[in-house]
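User: Hi! I'd like to learn how to read strand pairing and helix packing in a model. Could you walk me through them?

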Amino acid sequence: MRNEIKLKLYESMLKIRMVEEEIAREYPKGEMRCPTHLSIGQEAVPAALGLCVNIKDMAISTHRGHAHYIGKGGNIKSMIAEIYGKSTGCSKGKGGSMHLIDNSVGFMGTSAIVGNSIPVGVGLALASKIRKTNQISCIFFGDGATEEGSYYESVNFAVLKKLPVLFLCENNLYSVYSPLNVRQPEGRKISNVAKAMGLQVEEVDGNNAIDTFKSIELAVDKIRQNEGPQFIEFSTYRWLEHCGVNYDNHIGYRTEEEYLAWKKQDPISVMKDKLITENLISEVEDQEIITKIGLEINEAFVHAKESPFPETIEAYNGEYAI
Ligand SMILES: Cc1ncc(C[n+]2csc(CCOP(=O)(O)OP(=O)(O)O)c2C)c(N)n1
Ligand SMILES: [Mg+2]
């Protein structure tokens, strides 16, 4: 893996983390009037995906979609304005945090309904195949979404038609407050079910950004070689509450020990240590990157706060910013 890619991967993860940390700081002021689901701790997969595909390739995501949008090359200004419900937002202020869409970077939408963006992603791949556009469709979803009927129908259709789809399952062990072991039979792996349905599958440590990158790069390559849809299950962990910006380990559905064990494998700190050990970055350079990203984020929040809300009449206009 080229050094330049390692640095880009680190910078992209950092950007995702810093944007969400700023959202977490500003959210309690009550100016972002939509539920928000953060991906802090889960930055490696979205950052890696963005570096393995082209801007014209398509991605589709879920209620937890900020990271995916930023990773895919999304515009931070447009995203923050959207979360503030402003007309300059990527969905013209009508969608909020859970409904981000931006055709200019191949980000085809996110949805609050668990599992319902999966068939849309498969449909996008079918369109790409029929139109011979060579775009691949990347579908982000959580472990919980694999319990939805739409997931099975979508996988079946993608395999049947050998569509250019990359299924990216971010298994963070929880669906809201329910751990996997109260939802799925013990010992049955999500990736094994996917394999049984005809997908080529990989299981990857989603906290290891380099392994994550390599697995996605390989899967994308296979899709481009017309080997059919690919599936990767990433193990990962969200650090904050399911919906909102707080820590919630004290409420009892998971333990502090479990959280700390995952936090120790923080994909960003691990990557930074690696870059320092390999002499690819110094502490000073790291600080420069942090300052640069910080300025960009600051600008985005100022822009969002200064932007107007959409006109009332816009509520009846079904067009999005595409
Ligand atoms: C069809 C449907 N059922 C239930 C919900 C409520 N809900 C919102 S997010 C969520 C958890 C989804 O878990 P997972 O797919 O693992 O994603 P994660 O939140 O862990 O990223 C649930 C059950 C919903 N939005 N839609
Ligand atoms: Mg989950």
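Analyst: Gladly! Let's begin with a definition: two strands count as paired if DSSP finds at least two bridges between them. Keep in mind that this is a predicted model. Here, strand β4 (residues 165–171) and strand β8 (residues 230–235) run parallel and are joined by six bridges. Within this pair, E170 stands opposite F234 of β8.

User: What holds paired strands together, and in which order do the six strands of the open sheet come?

Analyst: In general, strands of a sheet pair through backbone hydrogen bonds, either parallel or antiparallel. In this sheet the order is β2-β1-β3-β4-β8-β7, with parallel pairing. β2 (107–110) and β7 (200–205) each have a single partner strand, so they stand at the edges with one side lacking a neighbour in the sheet. From one strand to the next, the twist averages 15 degrees.

User: Which strands does helix α5 lie across?

Analyst: Helix α5 (residues 117–131) lies across β1 (58–61), β2, β3 (137–142) and β4, and runs at about 170 degrees to β3.

User: And how should I read the crossing of α1 and α11?

Analyst: Start with the angle between the axes. Helix α1 (residues 3–26) and helix α11 (residues 283–306) have axes that come within 10 Å and cross at roughly 45 degrees. That angle makes α1 oblique to α11. The crossing is right-handed.

User: Which residues make that contact?

Analyst: Among them are Y10, L14 and M18 of α1, and I289, I293 and F301 of α11. The residues of this contact divide into ten nonpolar, one polar and eight charged.

Methods. Residues are numbered from 1 along each chain as its sequence is written. Chains are lettered from A and ligands numbered from 1 in the order in which they are written. This is a predicted model: local features need pLDDT of at least 70, side-chain atom pairs count only at pLDDT 80 or more; totals for chains, interfaces and linings use all residues. Side-chain values use heavy atoms; hydrogens and water are left out. Axes are lines fitted to C-alpha atoms, for helices over the stretch in contact, and angles run from 0 to 180 degrees between N-to-C directions. Helices (H or I, at least four residues) and strands (E, at least two) are DSSP runs, numbered from the N terminus. Angles under 35 degrees count as roughly parallel, over 145 as roughly antiparallel, 65 to 115 as roughly perpendicular and the rest as oblique. A crossing is left-handed if the near helix is turned anticlockwise from the far one by less than a right angle, and right-handed if clockwise. Contact means heavy atoms within 4.5 Å. Ala, Val, Leu, Ile, Met, Phe, Trp, Tyr, Cys and Pro count as nonpolar, Asp, Glu, Lys and Arg as charged, and the others, Gly among them, as polar.
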